[in-house]
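Subject: Structure for your review

Dear colleague,

Please find below the structure that I am handing over to you. My findings follow it, and I would be grateful if you would read them with the model open.

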Amino acid sequence: MKKDFSFIIALVFVCPCLWAQQVAGYKNPSLSVEVRTQDLLSRMTLEEKVGQLLCPLGWEMYEKLDGKVRHAEKFESLIREKQAGMLWATFRADPWTKKTIENGLNPALAAEASNALQRYVMENTRLGIPLFLAEESAHGHMAIGATVFPTGIGQAATWNPAIIREMAAAIAKEVRLQGGHIGYGPLLDLSRDPRWSRVEESYGEDPVLTARMGSAFVKGAGAGNIHESHAVVSTLKHWIAYGIPEGGHNGNTALVGERELQENFLPPFKATIDAGALSVMTAYNAIDGIPCTANAYLLTDVLRDAWHFQGFSISDLGSIEGISHNHYVAETVEEAAILAAAAGLDADLGSNAFPNLITAVRNNKISEAVIDTAVCRILRLKFKMGLFENPYVHPEVANENVRSAPHVRLARKVAQEAIVLLKNKDRILPLSRKLTMAVIGPNADNVYNMLGDYTAPQDSGVVKTVLDGIQTKINPAQITYVKGCAIRDTSHSEIAEAVRAALKSDIVLVVVGGSSARDFKTRYIETGAAVVSQETVSDMESGEGFDRISLDLLGHQQALLQALKATGKPLIVVYIQGRPLNMNWASEHADALLTAWYPGQEGGHAIADMLFGDYNPAGRLPISVPRHTGQIPVYYNKKNPRGHDYVEMTAAPLYSFGYGLSYTTFEYRNLRIQPLGKYKYEVSLFVKNTGAHDGDEVVQLYLRDEYASTVQPIKQLKHFERIRLKKGEERKVSFVLSENDLSIIGRDMKRVVEPGTFAVMTGASSDDIRLQETLVVP
């Protein structure tokens, strides 16, 4: 009996030790991330390793039946056959995915779906590695029931990093509450050709503005602190120079040299990675004959060796296959996969290329060590996020907090700050509420034309159109609405009816522009880009795949504008657009002109707030507005020499980068430059609100290096600040010029500060310089 008791006591003390020894190290949260990562890697087969590098399409991986959701049999097959470690766009809904409000997922069901998918891999795979779920989130989570904010070009027009940071925090929270972990966005491509179909997603033409906005977005989305419950892994798009394709054709070759990359295209990515971004997506284009998805200089020399990037890189959808099928530098997809992986690409969005790496390793075409390196980059982040311990979310919390009232109010605020007032003849704005108004145009009451590309279907009543907004400001009896025409379709128009409405009204508000609204008649290629068709005429003239040969208003829109002007009634023109369209006629003939870009779900309220004086506009152009496509590119910071005028017209844009009006006026004075140390100077000035309204001013500081060893821009934005001043108020504004601000990429391709003279300019836009002083750097 005594022996039996002793044996039992021994078991009590020994068994926990035995149990601890049997638990896999990677499942022990008390161990370091690196120890857990290496332990897990040591247990993985080659197939399991390659599976972690795959990110297939996710929207077919769940089944919805009778209000319940579960994982689909297709998901079981995917895990069994490919052992995928990630999914993309699981909650996405749009015509391409064929997911609608009826068969898609609301926030609570999305959370249930993510739990079902995670539960399956945690409980039914050998190692129980949780999934990464990647979601589109550049201007709101692309999922049913999520808040829709202005697209990137509108965000940039706020010139307000603080509100973009707040917006990104709201987006990241909505993604995480529904079970997502990776947020695709922001898009950092410099847009120098408005014909390009994805201008709407970008922050415009300038590297400094793009860097500030991108950094603010990433900081709001968690700043890389992915152990926090509402932080996402931010994926930066697109690596690199994707926004300057030849001919404006999406994905075409970018003609750019290494110096230009170092000076303009790389810095926004560097700043945003420093802000906490942990993923980078490669671009479809090639640079100097090398596809970006297989470019070792970009993926390894720059990202890893120079910048010490700790996250992972991922292809754009199908861009590995594109190495073979589009660029023709590999004969097979297997060869393309080897080129990409060897160059330093870590993950395959689409997952049709990297499965070839299994046979490639076994045939000694690529080292398994390359696979191990990529796998570790992804696993580390899964451990850091805490997914092995907490892979599940709470559907009831998602239901209560996605598209919450505070997020909707924030969407309205961002939309307000994004509006750029371009003309206000005789101060016709703000409007009196006693006037009768004709509200006309294809974008006056069109829900989906407010939203931009990468937007999910919307519940009725969620999106506020311009007509909706006007109806909250004045009695509906004062309003006559006529559509007038479509964006593109010329088979039917109501111009005569619109003219009759205008003649009966005191003032005419006409809302024109473009659309990135996808519909179920449009065809899509495998990457999700739309295919232009002559068979059906939707409104869509912008958004991925819809590149333009001109920037003119399409359909009967120009005829509508001219007919309304002929009535003699005061004419206010609003552009809802994803790119700077032709505004020449409106600039000359309208009494007031403004652009709201794609303002998101609260855009109608925001525009009405501005028109009736409840909000004083202060948006500024993040991209120059050309007079003619023959001027393109027309960005403000071109390098010397300054271009001369054309035979037919000036070389200057219609509206320059940084331009925008207010209902009030501002005075600049007393520009001073004070040294703070080596290559460090304080630049200060005073700004006073000299008008009759409280308002915001965007104070902009530009620099010109007068003489340098390499050709420099005519001027370059270095700093800016959006400040609010009450009428009569004056404030001191200060900026610090740093060594980086003063430096150039020298002839040896190294960054250097050269002694010499700099013009320091402050003003209200790139072509409205109010004060200028000379800085001599010894």
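Three strands form an open sheet in the order 21-22-25, and their pairing is antiparallel; two strands count as paired if DSSP finds at least two bridges between them. Helices (H or I, at least four residues) and strands (E, at least two) are DSSP runs, numbered from the N terminus. At the edges lie strand 21 (666-677) and strand 25 (730-737), each of which pairs on one side only. From one strand to the next the twist averages 20 degrees, where axes are lines fitted to C-alpha atoms, for helices over the stretch in contact, and angles run from 0 to 180 degrees between N-to-C directions. Nine bridges hold strand 21 and strand 22 (residues 680-689) in the antiparallel sense, and G677 stands opposite K680 in strand 22.

Please note that this is a predicted model, in which local features need pLDDT of at least 70 and side-chain atom pairs count only at pLDDT 80 or more, whereas totals for chains, interfaces and linings use all residues. Residues are numbered from 1 along each chain as its sequence is written, and side-chain values use heavy atoms, with hydrogens and water left out.

A parallel arrangement is found around strand 14 (residues 437-440). Strand 14 runs parallel to strand 15 (residues 479-482), joined by four bridges, and Y481 in strand 15 is the bridge partner of V439. Between these two strands the chain passes through helix 17 (residues 466-471), and this β-α-β crossover is right-handed: with the strands pointing away from the viewer, the path from the first strand over the helix to the second runs clockwise. Strand 14 also pairs with strand 16 (residues 507-513) in the parallel sense over four bridges, with A438 opposite V508 in strand 16.

Turning to the aromatic residues, the structure holds 15 aromatic pairs. Rings of Phe, Tyr and Trp (its six-membered ring) pair if their centres lie within 6.5 Å; planes under 30 degrees apart count as stacked, over 60 as edge-to-face and the rest as tilted. The ring centres of W59 and W88 are 5.8 Å apart and the planes meet at 65 degrees, so this pair is edge-to-face. W59, in the loop between strand 1 (54-55) and strand 2 (62-65), and W88, in strand 4 (residues 86-88), are 29 residues apart, and both are buried. W239 and W307 are likewise edge-to-face, because their ring centres are 5.5 Å apart and their planes lie at 70 degrees. Both W239 and W307 are buried. Ring pairs also link W159, Y636, F657, Y702 and F720 into a cluster.

Finally, R620 lies in the loop between helix 21 (603-611) and strand 21. R620 is buried, with a relative accessible area of 1%. Beyond its neighbours within four places in sequence, R620 is in contact (heavy atoms within 4.5 Å) with residues including W159, Y659, D696 and E697.

Yours sincerely

Terms used
Buried < 20%, exposed > 50% of the residue type's maximum accessible area, 1.4 Å probe, protein only.
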